[in-house]
Amino acid sequence: MSTQTTETTTPSTKTVVHPLVDVLENEREFLLLADLPGVNRDALDITVNGGQLEIHAESETLEYRRNFALGDDVDLDAVEARLELGELEIHLPKRAEAQARKIAIQG
Amino acid sequence: MLIHRFNPTDHFRTMDMLFDAIMPPGRRATHFVRKPARVSLDDSEQAFTLRAELPGLKPEQLELSVGEDWIELGAKRETQYPEGYTPLRRERNSYEFERRVNLPKRVDAENVTAQLRDGVLTVTLPKHASVQPRQIAVQAA
């Protein structure tokens with residue numbers, strides 16, 4: 001997983017910042033941890049689109065934005081997130097080996 | 001006016017704030033959250049409101065004390081990782097700090113309230129009756 005910096009052109013009265021994150025990995029999944037103080041569930045959007053994971057959130061004072069490029073090995077349908085005490089946890093499970101090797105033959 | 005009495009690097013923060021203030025928001029490049037535990041103090045007619053960003057902090061990891069015209073907060077957070085994971089990127093910090101904020105006016109220490117929610121601490125410090133604005137009834141002569 002690699003990070004990409006984004007520049008935001010959206011006019012907003014809030015300062016746009018990149019949240020600080022940790023990215024961890026084990027055999028089963030990638031785990032992304034982000035600090036989002038002041039953000040509650042309703043003000044948080046996580047989008048997975050075209051191999052990109054986008055985090056967008058707003059607190060009373062700040063707008064948090066950050067994009068991540070996801071590898072092919074992430075099972076996009078199984079992504080799960082949790083927000084607690086201003087800390088975001090995103091679980092990005094890896095595709096099972098078998099699934100990755102399955103090749104559909106047409107015709 | 002908020003008087004900090006702790007850290008010389010605060011001057012850099014002040015400079016950042018000045019630059020932020022003169023740059024129009026749309027043309028500013030997005031930057032990273034500079035450091036954890038950002039603290040701000042608001043002064044309204046009735047009360048001071050202190051706001052501190054403390055992601056991941058549980059109430060029991062926080063200590064607050066209030067005097068007549070000061071407030072002290074101490075917090076300790078350790079970023080812990082679940083076992084068996086290899087870190088690929090590490091930006092979040094553990095933090096431990098003690099900070100004393102001198103308040104420009106007397107507060108009613110008995111009625112101070114504090115709330116820790118979504119990783120943000122909000123302390124409301126009502127001003128002491130003696131420093132609250134008073135309305136004077138004008139009598140016709």
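Q: Which residue of chain A meets Glu54(A) in a salt bridge?
A: In this predicted model, the partner of Glu54(A) is an Arg, with 3.7 Å from N to O. That falls within the 4 Å cut-off, so the pair counts. Glu54(A) lies in strand β6 of chain A and its partner in strand β7 of chain A, 11 residues apart, so the pair links distant parts of the chain by the strand assignment. The partner is Arg65(A).

Q: How many salt bridges does the rule count over all chains?
A: The pair of Glu54(A) and Arg65(A) is a salt bridge inside chain A. Others lie across the interface of chain A and chain B, where the rule finds 6. Over all chains the count is 18.

Q: Which residue takes a positive phi in the hairpin of β5(A) and β6(A)?
A: The hairpin has 2 residues between its strands. In this hairpin, a Gly has phi near 50°. The residue is Gly50(A).

Q: Which residue of β9(A) is the bridge partner of Phe30(A)?
A: β4(A) runs antiparallel to strand β9 (residues 87-93) of chain A. The two strands are joined by 7 bridges. The partner of Phe30(A) is Leu92(A).

Q: Which residue of β7(B) stands opposite Glu25(A)?
A: β3(A) pairs with strand β7 (residues 86-90) of chain B. They run in the antiparallel sense, over 4 bridges. Opposite Glu25(A) is Thr86(B).

Q: How much area is buried between chain A and chain B?
A: The contact takes 37 residues from chain A and 31 residues from chain B. Carbon and sulfur atoms give 55% of the buried area. Leu20(A), Asp22(A) and Leu85(A) supply 20% of the area that chain A buries against chain B, more than any other three residues. The area is about 3100 Å².

Q: Which residue of chain B meets Glu87(A) in a salt bridge?
A: The rule finds 6 salt bridges across the interface of chain A and chain B. In the one that involves Glu87(A), N to O is 2.8 Å. The partner is Arg77(B).

Q: Which strand gives the largest share of the side of chain A that touches chain B?
A: Across the interface, 15 residue pairs are in polar contact. β2 (15-18), β3 (21-25), β4 (29-35) and β7 (62-69) of chain A each supply at least two residues of the touching side. That side divides into 17 nonpolar, 12 polar and 8 charged residues. The largest share, 6 residues, comes from β4(A).

Q: What is the order of the open sheet of 4 strands in chain B?
A: Pairing is antiparallel in this sheet. β3 (39-43) and β9 (113-117) of chain B are the edge strands, each pairing on one side only. Neighbouring strands are turned by 15° on average, direction ignored. The order is β3-β4-β10-β9.

Q: Which residue of β4(B) is the bridge partner of Ser40(B)?
A: β3(B) runs antiparallel to strand β4 (residues 47-53) of chain B. The two are joined by 5 bridges. The partner of Ser40(B) is Arg51(B).

Notes:
Residues numbered from 1 in each chain as written. Chains lettered and ligands numbered in written order. Predicted model: local features only at pLDDT ≥ 70, side-chain atom pairs only at ≥ 80, totals over all residues. Heavy atoms only, no water. Contact = heavy atoms within 4.5 Å. Buried area = accessible area lost by both parts, 1.4 Å probe. Salt bridge = Lys/Arg side-chain N within 4 Å of Asp/Glu carboxyl O. Polar contact = N/O pair within 3.5 Å; in protein donor to acceptor, adjacent residues only side chain to side chain. Nonpolar A, V, L, I, M, F, W, Y, C, P; charged D, E, K, R; others polar. Pairing = 2+ DSSP bridges. Axes fitted to C-alpha atoms, helices over the stretch in contact; angles between N-to-C directions.
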